[in-house]
Amino acid sequence: MHPLRSITVAAPSRTYDVVVGPGSLAELPDRMRASLGRLGRVHVFVDEGLPAQVSHELTRRLHAAGCTVSSSIVRAREDAKVLQNLYHMLQALAAAGLDRSDAVVALGGGIVGDMAGFAAASYRRGVRWINCPTTLLAMVDASVGGKTGVNLRVQNELQKNMVGAFWQPSLVIADPGVLESLDDRHFRSGLAECVKHALLSADWGDEHLEHWTRTRLAGILAKDPDTLAELIARNVAVKARVVGSDEREEAPGPSGRALLNLGHTFAHAIETLESASPSADRSLAPLHHGEAVALGLICATRTAELTRHLGQGSADHLRSLLSSMHLPTVAYGLPAPGEIVDRMHHDKKVLAGTLRLILPVGPGRCAVVPAPSDDILHQAIEAIRA
Ligand SMILES: NC(=O)c1ccc[n+]([C@@H]2O[C@H](COP(=O)([O-])OP(=O)(O)OC[C@H]3O[C@@H](n4cnc5c(N)ncnc54)[C@H](O)[C@@H]3O)[C@@H](O)[C@H]2O)c1
């Protein structure tokens, strides 16, 4: 048994540990007691896709440790990540009789974590919550940093994460053992966020993350538990440093949390397109979040080439890494680039009407720049058209 790793997230509003390693979920009650000071009522929001034995085992352990445990299943689909379902989650907390000294546990992927965190932020104006991510994407990215929320449907268009709150968890437990049941497509989606971190990690304490990821790829793809634990821990450490420096994404200039949106302005514009598919098999549409991020990273890198922030060949270099992870490097069924750029102009990251982009500007380094002309953006989008 390998020792568990622990990374501290020191955000101004709360400091907490992310415990990483095979078997870490078994330690949830002890770790919870240590971080919350007591174990009272706990409501567990369980991802619908998780094998039942994982949630049964967790609730059994909490119960054995003296918690009063209730649970409910949450649908993990983007079109179900909406206020109507949040309302049902809040009703479940009230029905379970949680008060402000009790705690919410999220056991699921990024959708369940974002929704359970937002329910915890809103219920009685805020109760503590523990995040137990069960997808790679949620382990390396979504579970850290306290962004919680839901999508908003406006004029029949799903606007991603439009309603939410910054509400840090009190503890995160990332057990790579639960990834065994995750399908390959979702597993690979998580790797896209790891590539994003590698493209910006040099200023955040891990200059060699891209090199390490490339050289350990065989172990990562084989889901070797110790390699996965190191992958998760290194990615969490990068994100923790960024979040600690700028919890609410308010830092001006090139230094803050906005850097984590690398590739995401492009990604958000394509992931809500019903028609966009990662392969010629259109039944695979729409794109998963991580697939859209992979494509968004290519667009951002191509934009950096076109604006001379990076030399020619950079986008191809990135494509080779993403392909070796079996991530898409082109999308099928994209609309005209103008439609995608219009959607980018409506992204919530647009500040005072000015679209800003995060672009890679050197090995492991990124910067926030005003968006270039629409013509350049069109060319960058053409780089991912099948
Ligand atoms: N809060 C943040 O900082 C942040 C960061 C990145 C992404 N996100 C959000 O995260 C969401 C994407 O999260 P995701 O990639 O984890 O996808 P997801 O939550 O949609 O889960 C993917 C699928 O895997 C299933 N699943 C989850 N765990 C499983 C397991 N162990 N075994 C089998 N099936 C399992 C789910 O039921 C779902 O069908 C998006 O809504 C995105 O906006 C949030």
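Into which domains is the protein divided? The model is a predicted one, and the division gives domain 1, residues 5-182, and domain 2, residues 250-382.

Let's start with how these two parts sit relative to each other. The C-alpha centres of domain 1 and domain 2 are 29 Å apart. Contact between them involves five residues from domain 1 and five from domain 2. On the domain 1 side, strand S8 (residues 157-166) supplies the largest share, with four residues. Sorted by class, that side of domain 1 has three nonpolar residues, two charged ones and no polar ones.

The loop between strand S7 (147-154) and S8 holds Asn 156. This residue is not a glycine, yet Asn 156 has a positive phi of about 70 degrees.

| Helix pair | Crossing angle | Axis distance |
|---|---|---|
| H3 (residues 83-95) and H4 | roughly 60 degrees | within 10 Å |
| H10 (residues 264-271) and H11 (residues 289-306) | about 130 degrees | 7 Å |

For the pair H10 and H11, the angle is about 130 degrees. That angle makes H10 oblique to H11. The crossing of H10 past H11 is right-handed. From H10, the contact draws on His 264, Phe 266, Ala 267, Ile 270 and Glu 271, while H11 contributes His 289, Ala 292, Val 293, Leu 295, Gly 296, Cys 299 and Ala 300. Taken by class, these residues are eight nonpolar, three polar and one charged.

The loop between H10 and H11 has a feature of its own, for Pro 286 lies in it. Ala 285 and Pro 286 are joined by a cis peptide bond, with omega about -5 degrees.

Turning to H3 and H4, their axes cross at roughly 60 degrees, and the two helices are therefore oblique to each other. Their crossing is right-handed. On the H3 side the contact is formed by Asn 85, Leu 86, Met 89, Leu 90 and Leu 93, and on the H4 side by Met 115, Phe 118, Ala 119 and Ser 122. The class count for this contact is seven nonpolar and two polar residues, with no charged ones.

Finally, which residues come nearest to the ligand? There are 31 residues around the ligand, and Gly 49, Gly 109, Gly 110, Thr 135 and Ala 142 are the ones that come nearest. The elements that each give two or more residues to this shell are helix H4 (110-122), helix H5 (136-142), S8, helix H6 (184-200) and H11. As for the make-up of the shell, it has 10 nonpolar, 13 polar and eight charged residues.

H4, which packs against H3, gives two or more residues to the shell.

Conventions:
Residues numbered from 1 in each chain as written. Predicted model: local features only at pLDDT ≥ 70, side-chain atom pairs only at ≥ 80, totals over all residues. Axes fitted to C-alpha atoms, helices over the stretch in contact; angles between N-to-C directions. Parallel < 35°, antiparallel > 145°, perpendicular 65-115°, else oblique. Left-handed = near helix turned anticlockwise from the far one by under 90°. Contact = placed C-beta atoms within 7 Å. Nonpolar A, V, L, I, M, F, W, Y, C, P; charged D, E, K, R; others polar. Domains from an automatic or database assignment. Near = placed C-beta within 6 Å.
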